[in-house]
Amino acid sequence: MAAPIDRSQMGLLEVEEIRSFVCRCVETAGGAPSHASCLADVLLAADTRGHYSHGLNRLEMYVWELQAGQCDGKATPTIIKESPGTGHVDGQNAIGTVVGTFCMDLAIKKAKNVGIGWVSCKGSNHFGIAGYYSLMAIKEGLLGMATTNTSPIAVPTRAKEVALGTNAFTFGAPADDNDSFVLDMATTTAALGKVEMQRRKEEPMPNCWGVDSDGKETKDPNKVMDGGGLLYLGGTEETGGYKGYGLGMMVEIMGGILGGGPYGTHIRKWQKDDRVADLGQTFVAINPEMFAPDFTGRMRQFMQEMRAMEPADPDKPVLVAGDPERCYEKRVTEEGGVWYHRSLITAMDKLAVELKVEPMKLKNA
Ligand SMILES: NC(=O)c1ccc[n+]([C@@H]2O[C@H](COP(=O)([O-])OP(=O)(O)OC[C@H]3O[C@@H](n4cnc5c(N)ncnc54)[C@H](O)[C@@H]3O)[C@@H](O)[C@H]2O)c1
């Protein structure tokens, strides 16, 4: 989330330029126009919220999966089983963002009818930033939660090998004055995409992100990507990494186990396996009006009390989850677009050539 410093290595792209490029690429790779547009919305939400790891950085992966037939760009999810408050969905191997919006729409509808909607699925794919789905609930005045399992890339506490994914989790709640709490996180210290971004930039990673193939902590992103693995939130056992490992298992229980797809080591390996992903995801929406009065007013006050605390460093005010992303969105609006590292823009130009589609035009060219 750090602000770009050296703009000489950056290029500015307008939001609509990015959106139309994603749509061109996804449709050329076999995605239905409405599905391409849904994916563009989620990738843009990632980049405009400062989560570059999950925006354009992931486009090559989605395109490759569509071209290889590992993901069905035209499939529509189906409901296997439902009750007034629950739904069990088969994503039918559709694009993950299509499955995610289908499931969260269903959870929202149920929450509006009976107070809560809990929808779990199998047969999904990578759904982008988890926070997109809690924001869908927040926009409807509801609390939202979403989880996804992922390919095994993280090392359980005390283990030497990877066995679980970065298993993302989001929980969001609306508040008065258009405010909201949006916790959106990998259960590993960092998302895999952040390691990839360090590798693209040829820069080392901070502490507690990952281990090499001997299970030893390393700051080299290449060693993590080539035979090593990520550490769970907290890092090693000494620094409480077992709590992140517990959260990673919790997400897996709500994903693969509840949804009925593969779990843990049974999920295909990241980009080294020609099986379909068959990811398990859960989407929850809760109507606060079913509980104590004035939820949104109390939420607003609670968050303001946190933000008003005296900071340890006067230059760094106390934040609540969702504040860094809100700040980033504001900056994107003020600057008229998203700044990307040149290495990513070069990769997108290469993708445009491969797909024979028009490349993006830089605003600051
Ligand atoms: N689809 C997938 O397979 C998958 C897997 C893993 C992660 N992801 C996504 O990757 C993205 C990045 O994940 P991450 O864990 O690296 O995020 P992160 O560490 O940047 O942020 C995690 C959370 O902490 C909050 N936060 C950050 N600084 C804060 C501060 N000073 N005070 C209070 N709160 C603060 C943020 O608002 C956010 O809610 C997320 O959007 C996540 O959903 C997706």
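Me: Helices (H or I, at least four residues) and strands (E, at least two) are DSSP runs, numbered from the N terminus. Which residue takes a positive phi just after α11?

Reply: Lys356 does, with a phi of about 60°. Keep in mind that this is a predicted model: local features need pLDDT of at least 70, side-chain atom pairs count only at pLDDT 80 or more, and totals for chains, interfaces and linings use all residues. Residues are numbered from 1 along each chain as its sequence is written.

Me: How many residues does α11 have, and what length does it reach?

Reply: An expected span is 1.5 Å times one less than the number of residues. Helix α11 covers residues 342-355, 14 residues in total. From first C-alpha to last, α11 reaches 20 Å, close to the 20 Å expected.

Me: Now the sheets. What is the strand order in the sheet of seven strands?

Reply: Strands of a sheet pair through backbone hydrogen bonds, either parallel or antiparallel. Here two strands pair if DSSP finds at least two bridges between them. The order is β2-β3-β4-β12-β5-β7-β8, in an open sheet with mixed pairing. The twist averages 15° from one strand to the next; axes are lines fitted to C-alpha atoms, for helices over the stretch in contact, and angles run from 0 to 180 degrees between N-to-C directions.

Me: How many bridges join β2 to β3?

Reply: Four, and the two strands run antiparallel. Take Thr78: its bridge partner in β3 is Asp90. Helix α4 (residues 96-114) packs on this sheet, touching β3, β4, β5 and β12. Contact requires C-beta atoms, placed from the backbone, within 7 Å. The direction of α4 makes about 160° with that of β4.

Me: What order do the strands take in the sheet of four?

Reply: This open sheet runs β6-β11-β9-β10, and its pairing is mixed. Its edge strands are β6 (154-155) and β10 (217-218). Inside, two bridges join β9 (residues 210-211) to β11 (residues 229-231), running antiparallel. Gly210 has Leu230 as its bridge partner in β11.

Me: Which domains does the assignment give?

Reply: Domain bounds come from an automatic or database domain assignment. It lists domain 1 (7-74 + 339-365), domain 2 (75-184 + 234-308) and domain 3 (189-231). The contact between domain 2 and domain 3 takes ten residues from each. On the domain 2 side, four are nonpolar, five polar and one charged. Ala, Val, Leu, Ile, Met, Phe, Trp, Tyr, Cys and Pro count as nonpolar, Asp, Glu, Lys and Arg as charged, and the others, Gly among them, as polar.

Notes: Contact = placed C-beta atoms within 7 Å.
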